[in-house]
Amino acid sequence: MKRPIIVKVADVEGVKKDPPRVSRLLLSGKNVGAENASMGLNITEVGSMIPNHKHEESEELMYIISGRARLVIEDGEEVYEVGPDTAIYSPRGKMHRLENIGDTELKLVWVYSPPLPQHRA
């Protein structure tokens, strides 16, 4: 079976999460055969957040498309305000969260390398 190499966001069903946000897994081992990374899109509602989390086995890269956020690392050791056209690197094992502090949705692309176990074929 030939796998696609182009994926349109509109063709990927989003997973609704709590606190209110939607995550779409766009490129992964499951749909395009990617072996060393996975990529997706997250849209976080106004006043919501991507809660504290860390990835012991993966680095996470993020790129903010639109909106404004507060990036909190290790429960406040480091705090940054970020907006559009900002890239973020989260190393393995670092606790982090993104709080939508703007008046519009926070829209960002994320990449895990290596991919999370649930993103593998």
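Author: Happy to! Leaving out residues up to four places away in sequence, Val82 touches Ile64, Gly67, Arg68, Ala69, Ile88 and Leu98; a contact here is heavy atoms within 4.5 Å. This is a predicted model, where local features need pLDDT of at least 70 and side-chain atom pairs count only at pLDDT 80 or more, while totals for chains, interfaces and linings use all residues. Residues are numbered from 1 along each chain as its sequence is written, and side-chain values use heavy atoms, with hydrogens and water left out.

Reader: Good to know. How many residues does the largest nonpolar core have?

Author: That core has 14 residues, and Val82 is among those with the most contacts inside it, together with Met62, Ile88, Leu98, Leu106 and Leu108. A nonpolar core means a set of buried Ala, Val, Leu, Ile, Met, Phe, Trp, Tyr and Cys residues joined through side-chain atoms within 4.5 Å. Buried is under 20% relative accessible area, exposed is over 50% and partly exposed lies in between, using a 1.4 Å probe and protein chains only.

Reader: Which strand gives the most to this core?

Author: Strand 10 does, with 4 residues. At least two core residues come from each of strand 5 (59-66), strand 6 (69-73) and strand 10 (106-113). The strands are DSSP runs (E, at least two residues), numbered from the N terminus, and helices would be H or I runs of at least four.

Reader: And what is the strand order in the open sheet?

Author: The open sheet has 6 strands in the order 1-2-3-10-5-8, with antiparallel pairing. Two strands pair if DSSP finds at least two bridges between them. Strand 1 and strand 8 (86-90) are at the edges with a single partner strand each, so one side of each has no neighbour in the sheet.

Reader: Nice. Switching to charges: how many salt bridges are there?

Author: The count comes to 4 salt bridges, each being a side-chain nitrogen of Lys or Arg within 4 Å of a carboxyl oxygen of Asp or Glu. Lys54 and Glu56 form one of these, at 3.5 Å from N to O. Lys54 is partly exposed at 41% relative accessible area, and Glu56 is partly exposed at 49%.

Reader: What about Glu99 and Arg70, how far apart are the closest N and O atoms?

Author: Those atoms are 2.7 Å apart in the Glu99 to Arg70 salt bridge. Glu99 belongs to strand 9 (residues 96-100) and Arg70 to strand 6, so the pair ties together parts 29 residues apart in sequence. Arg97 also meets Glu99 in a salt bridge, at 2.7 Å from N to O.

Reader: Are Glu99 and Arg97 buried or exposed?

Author: Glu99 is buried at 14% relative accessible area, and Arg97 is buried at 17%. Arg70, on the other hand, is partly exposed at 29%.

Reader: Which residues are linked in the network of salt bridges?

Author: The network links Arg70, Asp75, Arg97 and Glu99. Asp75 is exposed, with 58% relative accessibility, and is placed in the loop between strand 6 and strand 7.

Reader: Let's do backbone geometry. What is the phi of Asp75?

Author: The phi of Asp75 is near 55°, a positive value in a residue other than glycine. Glu74 also has a positive phi, near 50°, and lies in the loop between strand 6 and strand 7 (78-82). Most residues other than glycine have a negative phi, and most peptide bonds are trans.

Reader: Speaking of peptide bonds, is the one from Asp18 to Pro19 cis or trans?

Author: The Asp18 to Pro19 bond is cis, with omega near 0°. Pro19 sits in the loop between strand 1 (15-17) and strand 2 (21-27). The bond from Ser113 to Pro114 is also cis, with omega near -10°, and Pro114 is found in the segment after strand 10.

Reader: Last one: where is Pro117?

Author: Pro117 is in the segment after strand 10, and at 57% relative accessibility Pro117 counts as exposed.
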